[in-house]
Amino acid sequence: MSDRIPYPLIEVATPATHPSTGYKGGAIHTRSFKGLYRTLRISFAGALFVLFFGTAWLNWNGRQAVLWDLSESKFHVFASTFWPQDFILLSALLIICAFGLFAVTVFAGRVWCGYSCPQSTWTWLYMWCEKISEGDRNQRLKLAVSPWSLTKLARRTVKHALWLAIAVLTGLTFVGYFTPIRPLAAELLSFQLGGVALFWVVFFTGATYLNAGFLREAVCMHMCPYARFQAVMFDSDTLAVAYDPQRGESRGPRKKGSDPRAQQLGDCVDCTLCVQVCPTGIDIRDGLQMACIGCAACVDACDGVMDKMGYPRGLVGYMSEHTLQGGSHRWLRPRLLGYATALLVMVGALVLALHWRPMVSLDVIKDRGLFRENALGQIENIYLLKIINKTQQPQRYHVRLVNGEGFALQGKRELLIPAGEMNELPVSVALLAERPVSNTQDVIFEVQDSDEPSVRSSARSRFVAPLNR
């Protein structure tokens, strides 16, 4: 037991070299299995696929429901339209997601990696394509070492065709969130797609095909930063997939119904099924390792063996350091409560920010010319007002000066702006006094919804005038 990695330590996993794993530095061929966690993972994966592939095709008020229109600098999310001025909300959302990941990691380790990470999800899908095209694990192992033949060529062709079809659909859908997906798909099917859109479809197709088909566990072990810094978020009560050595050792085969204690054996029958089902090719019995993505495939495999042998389940399962040492698991502890509290506060702040987000935006750009004299001999400054209607209906707005004493707003004061659009309104401001009190004065513009006076936005600029003329 001295060569085993203790549970709290996280090390870089070395590819398994046991003859039954099918992984000796080459491709990993996983075994088929059933179980509770596999069902959960398939359910999460199905929800992710429906969300990712389906949302892009939804319409809302005559446009794509979710569209990040970079060319127009508008981001449509169902009934809401966001502009670059709202990027602070996107930043807040990303921070909330990060804290959510931290909280989940403190509670249950890398369950994100095992159940919801796109890399893992697409890898499991590609592995399923391998199974239906090349057979189960033993058939794939034989096929890998067999000489090339028409049968092998046909099986490999079917597998790569399925991989490529999924990759193309993934690339098309991803780009479809930034370019309207219906015309994008029509152009792709008619071979008329070109330019930047074609480049990104090909890029994400290639990335999906390469990552899910060939790199797989290498992304989790060597490219993903989350695997590197997860250790700092673990504590003695973090749940992680682990093997109970107190119960399992010493390992060894035995007949069903025999007394393992009489043979000085633990509950582990050394069947290596936990290794054969692992998508990263590690042996969970060697302790907690950086390459473990927490998918619990080994838990399902081991539970199945325990059921056949008539032993209690849980030789491999979600455990904490405390439970492995015979103690009780603490569900509530300061670190987890701290993350949860911060997460709730940030979610509440984001909800309030979205609720209070002004549905009209005003930006004021002063003309480069300092000032001019109009036909009445008054000093004028020219401004360009950029007004954004953030609602999903056309709105009529009224423009005025908040500090209008001593100034006159000249030009068009009302305008109708379509839903989710921006209009530019040139106006001029004239100084009514013969002599200004200062060469620069603040002027505040306000735009107000004509039907809902509470919907308004203001912006400050400056008025420049000569003291002597």
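The dialogue below takes up these features one after another.

Tutor: A word on conventions comes first. This is a predicted model, in which local features need pLDDT of at least 70 and side-chain atom pairs count only at pLDDT 80 or more, while totals for chains, interfaces and linings use all residues. Residues are numbered from 1 along each chain as its sequence is written, and side-chain values use heavy atoms, with hydrogens and water left out.

Student: How much space lies in the largest pocket?

Tutor: Rolling a probe the size of a water molecule over the atoms shows where empty space is left. On a 1 Å grid over the protein atoms alone, a pocket is an open set of points where a 1.4 Å probe fits, with protein on both sides within 12 Å along at least five of seven lines; lining residues have an atom within 4 Å of a point. Grid points are joined across faces, edges and corners, and a volume is the space filled by probe spheres set on the points. Here the largest pocket holds about 1,700 Å³.

Student: Which residues lie nearest the centre of the largest pocket?

Tutor: They are Phe 52, Leu 94, Trp 112, Pro 118 and Phe 174, out of 45 lining residues. Helix α2 (residues 87-108) gives the largest share of the lining, 11 residues. Helices (H or I, at least four residues) and strands (E, at least two) are DSSP runs, numbered from the N terminus. By class, the lining has 35 nonpolar, 8 polar and 2 charged residues. Ala, Val, Leu, Ile, Met, Phe, Trp, Tyr, Cys and Pro count as nonpolar, Asp, Glu, Lys and Arg as charged, and the others, Gly among them, as polar.

Student: At what angle do helix α4 and helix α8 pack?

Tutor: Axes are lines fitted to C-alpha atoms, for helices over the stretch in contact, and angles run from 0 to 180 degrees between N-to-C directions. Helix α4 (residues 118-134) and helix α8 (residues 195-215) pack at about 75°, with axes 8 Å apart. The two are therefore roughly perpendicular, a term for angles of 65 to 115 degrees. In their contact (heavy atoms within 4.5 Å), α4 supplies Gln 119, Trp 122, Thr 123 and Tyr 126, and α8 supplies Thr 208, Tyr 209, Asn 211, Ala 212 and Gly 213. These divide into 4 nonpolar, 5 polar and no charged residues.

Student: Which residues make the contact of α1 with α13?

Tutor: The axes of helix α1 (residues 36-55) and helix α13 (residues 297-309) come within 7 Å and cross at roughly 145°. Leu 36, Tyr 37, Arg 38 and Arg 41 of α1 meet Ala 297, Val 299 and Asp 300 of α13. This contact has 4 nonpolar, no polar and 3 charged residues.

Student: What is the strand order in the open sheet of 4 strands?

Tutor: Two strands pair if DSSP finds at least two bridges between them. The order is β13-β11-β15-β16, with antiparallel pairing. Strands β13 (414-417) and β16 (456-464) are the edges, each pairing on one side only, and the twist averages 25° from one strand to the next. Strand β11 (residues 395-401) is joined to β13 by 4 bridges, and His 398 stands opposite Glu 414 in β13.

Student: Where is the cis peptide bond?

Tutor: Most residues other than glycine have a negative phi, and most peptide bonds are trans. The cis bond joins Glu 249 and Ser 250, with omega about -5°. Ser 250 lies in the loop between α11 (245-248) and α12 (273-276). Asn 61 has a positive phi, near 55°, and is placed in the loop between β1 (59-60) and β2 (63-64).

Note on methods. Parallel < 35°, antiparallel > 145°, perpendicular 65-115°, else oblique.
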